[in-house]
Amino acid sequence: MNRHLLSAADLSRDDALLILDTADELARMSDRPIKKLPTLRGRTVVNLFFEDSTRTRISFEAAAKRLSADVINFSVKGSSVAKGESLKDTALTLEAMGADAVVIRHDASGAPHRLAGWIRGHVVNAGDGMHEHPTQALLDAFTIRRRLGRASGLDGVRVTIVGDVLHSRVARSNVALLNILGAEVTLVAPPTLVPVAVGSWPCEISYDLDAVLPKSDVIMMLRVQQERMTAAYFPSVREYSRRYGLDTGRMGMLPEHAIVMHPGPMNRGVEIAAEVADSPRSTIVEQVANGVSVRMAVLYLLLGGADLLGGADLRGKPRDAKASMENKESMVNR
Amino acid sequence: MMRARSAGDGRSGPDARSAGRSGDRQPGGSAPGRDSNVGHDDGSGGSPPPSDQAAAGSQKRVLEPAEIRRALTRIAHEILERTNGADDVLLLGIPTRGVPLARRLADRAAEFEDRTVPWGSLDVTMYRDDLRLRPARALGRTELPPAGIDGKTVVIVDDVLYSGRTVRAALDALNDLGRPRAVQLAVLVDRGHRELPIRADYVGKNLPTSQREMVRVLLSETDGEDAVLLGERKEAQV
Amino acid sequence: MTGVAGTWLIRGAALPGGQRADLRLRDGVIAEAGARLAAAGAQVLDADGLIALPGLVDLHTHLREPGREDAETIETGTRAAALGGYTAVHAMANTEPVADTAGVVEQVWRLGREAGHCDVQPVGAVTLGLGGQRLAELGAMADSAARVRVFSDDGRCVSDPLLMRRALEYVKAFDGVIAQHAQEPRLTEGAQMNEGEVSGRLGLAGWPAVAEEAIIARDCLLAAHVGSALHVCHVSTAGSVEIIRWAKAKGWRVTAEVTPHHLLLTDELAEGYDPVYKVNPPLRTAADVAGLRQGLADGTIDCVATDHAPHPVEAKDTEWAGAAFGMTGLEIALRAVQQAMVETGLLDWAAVADRMSVRPATIGRLSGHGVLPATGAPANLTLYDPAAAPEPVDPATHASRSRNTPFRGVALPGQVVATFLRGTATVLDGKLAS
């Protein structure tokens, strides 16, 4: 996994901090007249999106372009993939085009892992099925760090994640990454929407949102799909909203300093009330901006250095003290 | 491990250097991570970070704290002289050690002229031409004063000038940040072996070296003491 | 003409009971079994160090023909079977077209005879087109030349309880048995792997054990109520074993099978998302593997059945959710059983003969197979070398058309040296006999 970013759970604490610190520096670029760095000039980044997602795709596109990389967007609709070309054949086409990195979003868990076995380039998971969405978790951690004024990790920060955990790759990545950074995570959902074995996850579970609110520094709302209602996960949107929605009353139960997050897109009025989404506590808009900085950091750290496989430097020297390379599962090349 | 040198002319002639090297087998080789870092003793100037102090082969001190102090004082005066009293001057240090040097110069200039001289830091990692030779490096801090660099005389400050590639990267970085009226370069040590047509405007000490040698600058802000060390490089560098 | 016919003298084989004997094969039977027999014009096979098992019988194989010949044909599948030591296989009905008429089952039966590598006993579908709505013409299939006795919708579950009851009742008329693929469809919609800690972590939809166990419990009760015979396909959970043990203790006519892969592999293998480990029913936990091994050891599970499920490369060379379910197994089954059950002391070779030949032949109502080697017995034999050095499994060398084995690169012990089908050698020296 050290040439790719497939899963937040594979990151060491040092690697996660390196990404966040790098994103910090890159975020300053947004104040500049020229928001461009030459670092990835001549490299090609392909956005391979099998699922519709304008928001994430644009974020990765902006990140790659700000590093002067060439970007190719490959979305499923109207492409050969829609006509039945397999993932593998698509991968081989990209390989032939010389993609240095492929950012892939797919509705099948594990698709990025398979892709990584078929191409030489670096693979960034932009969301695979119900499995993970590592850059989302990274930008969420980045946002928390900034808003709560933390310099390094998130030790002791109490994060509550509310919603459809069972089907949520954002939840999985966040539970893993927040835990790596030292935060204390609590999941709140109806029992039908947590995995059977969630007891083995590094977090607490609660079915009672009101009880958890006063003890939360961060509350992260997940989108709830209406289709879940027909599969009997909950009886009605109204009941879900009443028991698990964040309305202004519940927002008032949060501590003063607490922030409200949402990965988007939101169902206003279902999991989150409009007034809450628009309140000063809400980080929803800045999460988007932070996404570009974090994705720039990821692309830089994956592509900006030596490529051990066939690259110039084969000696794999350790990095400096600022980023420990001890963990063999760390994201960046040695 | 290090020979005490008498203070005085800080210039190291050939005799002094060979005396330092010959017959001196030091325990321990070079630390593995010595050269792969934010510092730049890899042909592009700068010196390794604090963690690699134990490294080295034989080293000797070629500049003592007092000499460094005097050199910086002189540079500060020179800057004031050539920029008409630091009118519209901005000192930008290249991380890591260029930054404390920039701050010291700014403090000194401020003393002499009784006005504040703005200073900041300019990280050039993203503009380097040798990024692909090593694993991706962590970024240093870039911090400019609110007024920016447009129309200013920017003095880039670094600890060691070697191949000139770091400075070229700094010029590219400045180009994306704005349009200075002029750009000058101040370095504590110029060790020769330029690979690009770049020269320093202000030099603390000229230190002729061979490519087989390594120059290390220590500063109290980062390393606990002030010194410039010259030692033999243990492995050839790409 | 396949195989090497004529008279054979097998010298010095160890019989399942442990005693060594020479066996003379003539005219399709073991004409003589004894010590130091004279060759008398027979071809001699030195079986010193080899075990002579009754020819293995597989109750559960997918030969894919008609319809999916890109994955396997009756020719290639039966070659694979012979190489695995099998003299008879039951070909499951989920072909294209489905084997739900006398016409299709007779075609499969005939193709098997023509290939000649092992006997192919067709399994008939329980419902038309495997649709789970209407019974297929079970009687016609029983009366056909294929003489179908085992009926299964395998691939699908007969989930409608009323339909399952009717099927169990109906086959009593001709001593048939319904073989159920136990999978409650409503609990396993979109399921990808065992529901548990691993699936929760990997973000793959879960296939809970209860979806298998609930159907087995229901079907045992139904079979008892109507006085019929139930066979449970590919049992995969420890809980299922307990339910079957309970049903047998009550004297109900329930039999069960387990696959070689469920005796050795767990759901943790899904971690790299390699679909070679994707199978239905899914690989489960270590506790389930232990329960299945114990069940096979004490006879609660009657036999090993491969559920050999070949798939073309493109059906597995894809993301997990897009991949087909299934693993091949004919060529490595006996070796896998040695690894899982003999090396662990859970079964001796007499018991292996029982679980892989005698009982499956009984359940399948197959005459001529599953008879222990003795004078007068049909000459269906597997000669196996348990001491052969463990070799990593290499699917490129397999006779099966497909390569989807989860044991690629895994060193399994033993080797099938020779297989005899009614006195004709189909495999000699570990290779197909021509």
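User: Hi! How much area do domain 1 and domain 2 of chain C bury between them, and how much of it is on carbon and sulfur atoms?
Analyst: About 3,200 Å², with 63% on carbon and sulfur atoms. Buried area here is the accessible area (1.4 Å probe) that two parts lose on being put together, summed over both. This is a predicted model, where local features need pLDDT of at least 70, side-chain atom pairs count only at pLDDT 80 or more, and totals for chains, interfaces and linings use all residues. Residues are numbered from 1 along each chain as its sequence is written, chains are lettered from A and ligands numbered from 1 in the order in which they are written, and side-chain values use heavy atoms, leaving out hydrogens and water.

User: Which residues of domain 1 lose the most area to domain 2 there?
Analyst: C:Arg401, C:Asn404 and C:Pro406, together 20% of what the domain 1 side buries.

User: Where do the domain bounds fall in chain C?
Analyst: Domain 1 is 8–51 + 377–432 and domain 2 is 54–363; such bounds come from an automatic or database domain assignment. The contact (heavy atoms within 4.5 Å) takes 33 residues from domain 1 of chain C and 46 from domain 2 of chain C.

User: How many salt bridges between those two?
Analyst: The count is one, taking a salt bridge as a side-chain nitrogen of Lys or Arg within 4 Å of a carboxyl oxygen of Asp or Glu. C:Asp119 and C:Arg422 also form a salt bridge, 2.7 Å from N to O.

User: OK, switching to chain A. What are its domains?
Analyst: Domain 1 covers 8–131 + 287–333, and domain 2 covers 135–285. Domain 1 of chain A puts 32 residues into the contact and domain 2 of chain A puts in 33.

User: And the buried area there?
Analyst: About 2,600 Å², and carbon and sulfur atoms give 55% of that.

User: How many salt bridges across that interface?
Analyst: Five between domain 1 and domain 2 of chain A. In chain A there is also a salt bridge to look at between A:Asp24 and A:Arg145, with the closest N and O atoms 3.1 Å apart.

User: Which element gives the largest share of the domain 1 side in chain A?
Analyst: That is α1(A), with nine residues on the side touching domain 2 of chain A. Helices (H or I, at least four residues) and strands (E, at least two) are DSSP runs, numbered from the N terminus.
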